[in-house]
Amino acid sequence: INQVHFSLLDYNSNALQEMVSVCKECGITIIAYSPIGQGLLTDGLNEETCRTNKPARMFRLKYDDIQPLRTCIRTIADKHQASMAQVAINWCASHGTVPLVGCRSLKQARDTLGVLSFDLSEQDIAELDVLALDRSTLESPGWRRAIFVSLAGFIMTVCKGLDWTGYGRIEQAR
């Protein structure tokens, strides 16, 4: 199993396509993290929420950048009497991934279950594939990944040190 960002926001990136190919060759199932782009691919997005959306900032996306894709998702959603989120999640599943959806409310959980009520046609999938973006987190600069890994390692070392001296909470959490 390999859990990675996999959505219509990054499907056409070379790095993601290479990773998908390797996973298929090795028989590894992909867990599609953030299939709805933390709201970027849902009905509730507007210009204001786009500006404050973490993935939008991470991918350096502006509201207008994703409108052709969002329009296509909306059209397909209308055709299937579904939500945009349901289409985005269904699209991930149609590519053989297991979408990892974080529901924050009963309404979102019910909406997510609606994914099971329809299948996207090959034409729907092809239209979405063409409009999918190429903003992969796998292609972030090496120095940024190195800083993140170093920082995470430092934090873990500090936590273990605090735990060893009796001031930490790691042992209590187990």
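**Salt bridges and a nonpolar patch**

Quick word on what's on the screen. It's a predicted model, so local features need pLDDT of at least 70 and side-chain atom pairs count only at pLDDT 80 or more, while totals for chains, interfaces and linings use all residues. Residues are numbered from 1 along each chain as its sequence is written, and side-chain values use heavy atoms, with hydrogens and water left out.

So, who does E48 pair with? That's R51: the two form a salt bridge, with the closest N and O atoms 2.8 Å apart. A salt bridge here is a side-chain nitrogen of Lys or Arg within 4 Å of a carboxyl oxygen of Asp or Glu. In general, side chains of opposite charge can pair when their charged atoms come close. Both residues sit in helix 2 (residues 47–52), and because they are 3 residues apart, about one helical turn separates them. Helices, by the way, are DSSP runs of H or I with at least four residues, strands are runs of E with at least two, and both are numbered from the N terminus. R51 is exposed, at 53%.

A search of the whole structure turns up 4 salt bridges. Another one joins R74 and D78, 2.8 Å from N to O. Those two are in helix 4 (residues 67–80), 4 residues apart, again about one helical turn. R74 is partly exposed at 26%, and D78 is too, at 47%. There's also a network here: D43, R74 and D78 are linked by salt bridges.

Now, D124 and K79 meet in a salt bridge at 2.5 Å, N to O. This pair links distant parts of the chain, with D124 in helix 7 (residues 122–131) and K79 in helix 4, 45 residues apart. Is D124 buried or exposed? Buried, at 1% relative accessibility, whereas K79 is exposed at 51%.

Last stop, away from charges: L151, F154, I155, V158, L162 and Y167 make a nonpolar surface patch of about 630 Å². Patches take residues with over 30% relative accessible area and no salt bridge, joining like charges within 9 Å and nonpolar side chains (Val, Leu, Ile, Met, Phe, Trp, Tyr) within 5 Å. Areas come from the Shrake-Rupley method with a 1.4 Å probe, and for residues only the protein chains shown count as cover. Y167 lies in the loop between helix 8 (142–164) and helix 9 (170–173), and it is exposed at 65%.

Key. Buried means under 20% relative accessible area, exposed over 50%, partly exposed in between (1.4 Å probe, protein chains only).
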